[in-house]
Amino acid sequence: MTKIAVIGGGKIGTALISGLIESGNPAADISVADTYRPQVEKLAEELGITPGDNPADAAQGADVVVICVKPDVVATVLDEITPSLEAHEGEPVVVSMAAGITIDAIDEHVPGGTPVIRVMPNTPMLVGRGVSAIAPGRFASEDDMDLVASLLEKVGIVERVKESQLDAVTAMSGSGPAYFFQYIEAMSDAGVFLGLPRDQAQRLASATMAGAAEMLMQEGADPTQLRVNVSSPGGTTAAGTRALEEAGIRTAVYRGLQATHDRSVELGK
């Protein structure tokens with residue numbers, strides 16, 4: 001069984017751990033380290049994982065080490081776990097979920113030849129519906145990619161991309177949930193203005209978006225055709241979509257994704 005170390009017990013790290021355990025990975029084979037010790041103790045008590053005293057301790061003997069910390073401390077964490085990586089008999093895979101930190105930058109802080117894989121996850125991982133894009137470093141084999149993909153598929157879907165595409169992925173799926181929440185918030189506000197109670201407006205907006213998303217996930221589904229199917233000539237939906245176009249919905253979306261993409265690029269410099 002693969003031994004996994006998760007460095008960083010925040011929301012994403014916890015979601016990954018929970019998904020792995022629920023899908024059959026033994027909790028005892030998962031170790032965790034976090035600067036906030038009470039969080040590690042909580043995970044150990046609730047999930048049965050192995051608590052690490054520090055990153056190096058958690059990474060000791062791990063086949064896969066997942067880095068789930070803020071970008072500004074990635075280098076420090078990698079330096080701390082290097083002795084554990086060097087002591088491993090095989091070639092442990094280092095998986096980074098830190099936005100903007102390049103594989104080249106990671107390579108500078110791990111033993112030569114270490115397989116490195118970058119991942120851009122998103123928060124729906126918390127409910128088992130995450131989207132994770134993975135990109136291989138030069139020493140990562142197909143087997144390494146398959147292993148990491150199999151772990152991440154426990155909490156959602158996985159897309160394989162080139163590292164050069166990860167900034168675009170950050171703009172699309174990494175930050176995408178926030179755009180969605182913002183749109184639901186706006187729909188709910190509009191519903192209240194039109195006379196609905198706020199809790200009911202939010203339920204209607206959320207359930208509508210969830211159902212529409214399920215339709216889009218069907219094989220061969222096309223968003224343009226699905227929109228056309230709802231829009232009767234001269235009808236209510238056509239009036240609404242026209243108003244959204246006149247208000248510049250596409251331009252707003254383009255600008256939002258471009259801003260996120262550009263910020264991701266800045267973080268990697």
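In which helix is the place of M187? M187 belongs to helix α8, which covers residues 176-193. The model described here is predicted. The protein has 269 residues, and its secondary structure amounts to 12 helices and 8 strands. The points below proceed from the overall dimensions to the sheet, and then to individual residues.

**Overall dimensions and surface**

- Along the principal axes, the C-alpha atoms of the protein fill a box of roughly 70 × 40 × 35 Å.
- The accessible surface of the protein is about 14900 Å², and carbon and sulfur atoms account for 55% of that surface.
- Of the 269 residues, 37% count as buried.
- Where contacts in the protein link residues at least 6 apart in sequence, 61% of these contacts join residues at least 24 apart.

**The sheet**

- The sheet is open and has 8 strands, with mixed pairing.
- The strand order in this sheet is β3-β2-β1-β4-β5-β6-β7-β8.
- The edges are formed by β3 (50-51) and β8 (156-160); each has a single partner strand, so one side of each is left without a neighbour in the sheet.
- In general, the strands of a sheet pair through backbone hydrogen bonds, in either a parallel or an antiparallel manner.
- The pairing of β2 (residues 30-33) with β3 is parallel and comprises 2 bridges.
- V32 has P51, in β3, as its bridge partner.

**A helix across the sheet**

**M187 and a nonpolar surface patch**

- Together with Y183 and L244, M187 forms a nonpolar patch on the surface.
- The accessible area of Y183, M187 and L244 together is about 230 Å².

**V228 in helix α10**

- V228 is located in helix α10, which consists of residues 223-230.
- V228 counts as partly exposed because its relative accessibility is 40%.
- V228 and A238 are 10 residues apart along the chain, and a distance of 8.8 Å separates their C-alpha atoms.

Methods:
Residues numbered from 1 in each chain as written. Predicted model: local features only at pLDDT ≥ 70, side-chain atom pairs only at ≥ 80, totals over all residues. Heavy atoms only, no water. Pairing = 2+ DSSP bridges. Helix = DSSP H or I, 4+ residues; strand = E, 2+ residues; numbered from the N terminus. Buried < 20%, exposed > 50% of the residue type's maximum accessible area, 1.4 Å probe, protein only. Patch = residues over 30% accessible without salt bridge, like charges linked within 9 Å, V, L, I, M, F, W, Y side chains within 5 Å. Areas by Shrake-Rupley, 256 points an atom, 1.4 Å probe, with all protein chains shown as cover. Salt bridge = Lys/Arg side-chain N within 4 Å of Asp/Glu carboxyl O. Contact = heavy atoms within 4.5 Å.
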